[in-house]
Amino acid sequence: MKQNRYNFRNFDQNSFFNMKTTSKAKNDHLYLNIADNIEKQIMDKVLNIGDKLPSVRLLSKQQGVSMSTTLQAYYHLEGKGLVESRPQSGYYVRFNPSRFPQKIEKSNPRLSTKNKNVEAIISEVYDDFEMPGMVKFSLSVPAPEILPLAKLNKALIQATRELPANGTSYERVQGSEQLRRQIARWSAQWGRLQPDDLVTTAGCMNAISYCLMALTKPGDTIAVESPVYFGTLRFAQSIGLKVIELPTDPDTGVDPDDVKKALQKHNIKACFFVTNFSNPLGYCMPDEQKMALVKLLSKHGVPLIEDDLYGDVYFGTQRPKPCKSFDEEGNVLWCGSVSKTLAPGYRVGWVAPGKYIDKVKRLKLYHSITSATTHQAAIANFLATGRYEHHLRKLRQTLHSNSLQFIRSIGENFPEVTKVTNPKGGFILWLELAKHIDTYQLYQEAMQQKMSIAPGAMFTLQERYQNCMRLSYGMQWKPEVERALKKLGGLVKSMS
């Protein structure tokens with residue numbers, strides 16, 4: 001068999017045909033082992049767009065599997081948008097991960113300057129996304145159709161029946177003991193939290209708010225990544241804090257050296273970072289960088305508020321560790337929630353505040369007294385019975401497939417100067433368009449065609465990111481979604 005017959009170019013044919021199926025694959029899904037190997041070849045740029053893949057018959061023979069197994073592997077890759085079938089010809093690589101530059105420009109750290117219109121932009125975007133028939137690229141939560149709604153309803157009914165007073169009584173201030181026990185058990189995959197280390201909250205943003213109030217007073221300065229979730233920025237601004245936006249790499253996040261420079265220059269009272277699959281850049285900070293960051297901040301006595309909201313939505317083989325797993329002094333305040341994975345409207349979140357737990361508990365007592373009893377019990381039951389992990393496996397597969405479909409569609413329909421991140425988890429893409437394009441104007445034009453995007457100006461307190469936008473792929477991939485991306489790309493081209 002000659003290599004050029006399949007146009008493999010730099011492809012290592014021997015490594016492909018001599019793949020060994022693992023015992024796990026033999027026991028379960030042979031086709032996934034084959035598909036994963038092909039996907040790796042594509043993502044490593046060994047296989048390029050347009051390359052022809054081995055025929056079903058040839059690959060079946062080389063792998064020692066049935067033709068139906070090989071077809072399943074190709075169907076799986078086709079569903080992810082990685083390959084395409086051409087009549088009378090076979091399967092070809094469709095997705096090209098080198099289509100876009102991955103690096104988004106960095107800026108120098110500085111105190112925030114007023115971005116005059118951003119409050120109005122945020123209000124407009126979040127007032128409009130509930131319009132009927134809207135394709136909600138702007139909404140950073142999973143769509144209802146990819147959530148286990150029926151099972152959640154049953155868990156909620158069960159909680160109402162079994163709780164004292166049918167869930168109408170107050171919980172203790174620290175929150176449901178059952179839920180805290182399950183969160184601590186869940187965290188064992190990366191750390192050693194105990195139930196008493198945790199305080200439950202009304203979602204992750206509520207946890208972050210308590211942390212900021214516990215650590216700062218009006219006039220203090222905090223440091224954050226940039227771009228960063230607008231809710232954190234606006235809350236910090238609302239309680240009178242100054243904000244330094246640090247340079248942020250779209251693959252690895254904030255560099256500890258940049259944090260060190262900021263600490264030397266400014267009297268920083270706290271840092272806030274989304275270390276795993278950040279919103280909106282999608283980066284995942286490497287472990288050695290997390291360790292260095294924790295050590296640096298501990299040395300300077302500066303607490304770290306860590307938003308680990310997306311950590312469970314990873315596309316690799318294991319969950320990435322949070323900075324909290326390297327914290328030996330209680331200096332990291334670890335915040336989480338099920339709002340991005342299971343039930344956005346339940347508003348069930350938590351924080352492990354380390355040595356600041358008493359301050360956080362007092363703030364919760366003063367602001368809300370307790371948390372919603374029945375919702376906490378329902379989520380605790382989901383964690384205890386294994387239904388959460390079962391749901392997450394399906395969710396990760398759906399979102400990973402969606403991310404590849406989105407990037408492939410953007411590559412086909414947007415101008416070639418477009419830059420887009422390639423996250424390894426979460427459900428957010430960050431796009432950088434040509435410098436002259438105003439994504440708020442793009443938002444207004446997209447809304448007329450029933451599409452909602454999040455303009456980049458929302459994610460900073462500075463006059464920046466006007467040519468950037470955030471897109472969510474947290475929805476079921478359907479023909480209407482692809483048509484909407486094609487329309488959006490057409491609007492961008494018309495502005496170029």
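**Figure 1. Q182 in helix α8.** Q182 lies in helix α8, which spans residues 177–186. The model shown here and in the other views is predicted. Q182 counts as buried because its relative accessibility is 9%, and buried means under 20%. Neighbours within four places in sequence are left aside in the contact list. On that basis, Q182 touches A380, L383 and A384. Helix α14 covers residues 373–385.

**Figure 2. The whole chain, for orientation.** The protein has 17 helices and 16 strands. Of its 496 residues, 57% count as buried. Take the contacts between residues at least 6 apart in sequence: 76% of them join residues at least 24 apart. The accessible surface comes to about 21300 Å². Carbon and sulfur atoms hold 49% of that surface.

Figure 3. Y170, L365, Y366 and I369 make a nonpolar surface patch of about 480 Å². I369 sits in the loop between α13 (357–367) and α14 (373–385). Its relative accessibility is 36%, so I369 counts as partly exposed.

**Figure 4. P344 and its contacts.** P344 belongs to the loop that runs between β10 (332–337) and β11 (349–352). Its contacts, leaving aside neighbours within four places in sequence, are V141, P142, L147, V338 and S339. P144 is 200 residues away from P344 in sequence. In space, the C-alpha atoms of P344 and P144 are 9.4 Å apart.

**Figure 5. Aromatic rings and Y465.** Y229, F230, W430, F459 and Y465 form one aromatic cluster. The count of aromatic pairs comes to twelve. Y465 is found in the loop between β15 (454–455) and β16 (468–472). Y465 counts as buried because its relative accessibility is 8%. Its phi is positive, about 65°, although Y465 is not a glycine. Most residues other than glycine have a negative phi.

**Figure 6. A165, with a positive phi.** A165 has a phi near 55°, a positive value in a residue other than glycine. A165 is placed in the loop between α7 (149–162) and α8. With 45% relative accessibility, A165 counts as partly exposed.

**Figure 7. Two arginines over ring faces.** R86 lies over the face of Y92. The distance from R86 to the ring centre of Y92 is 3.9 Å. R387 lies over the face of F382. Here the distance to the ring centre is 4.7 Å.

**Figure 8. Two cis peptide bonds.** S226 and P227 are joined by a cis peptide bond, with omega about 0°. P227 is in the loop between β6 (221–225) and α10 (230–238). A cis peptide bond also joins N279 and P280, with omega about 20°. P280 is in the loop between β8 (268–273) and α12 (287–300). Most peptide bonds are trans.

Conventions. Residues are numbered from 1 along each chain as its sequence is written. This is a predicted model: local features need pLDDT of at least 70, side-chain atom pairs count only at pLDDT 80 or more; totals for chains, interfaces and linings use all residues. Side-chain values use heavy atoms; hydrogens and water are left out. Helices (H or I, at least four residues) and strands (E, at least two) are DSSP runs, numbered from the N terminus. Contact means heavy atoms within 4.5 Å. Rings of Phe, Tyr and Trp (its six-membered ring) pair if their centres lie within 6.5 Å; planes under 30 degrees apart count as stacked, over 60 as edge-to-face and the rest as tilted. A charge sits over a ring if NZ of Lys or CZ of Arg is within 6 Å of the ring centre and within 35 degrees of the ring normal. Buried means under 20% relative accessible area, exposed over 50%, partly exposed in between (1.4 Å probe, protein chains only). Accessible areas come from the Shrake-Rupley method with a 1.4 Å probe; for residues, only the protein chains shown count as cover. Patches are made of residues with over 30% relative accessible area and no salt bridge: like charges are joined within 9 Å, nonpolar side chains (Val, Leu, Ile, Met, Phe, Trp, Tyr) within 5 Å. A salt bridge is a side-chain nitrogen of Lys or Arg within 4 Å of a carboxyl oxygen of Asp or Glu.
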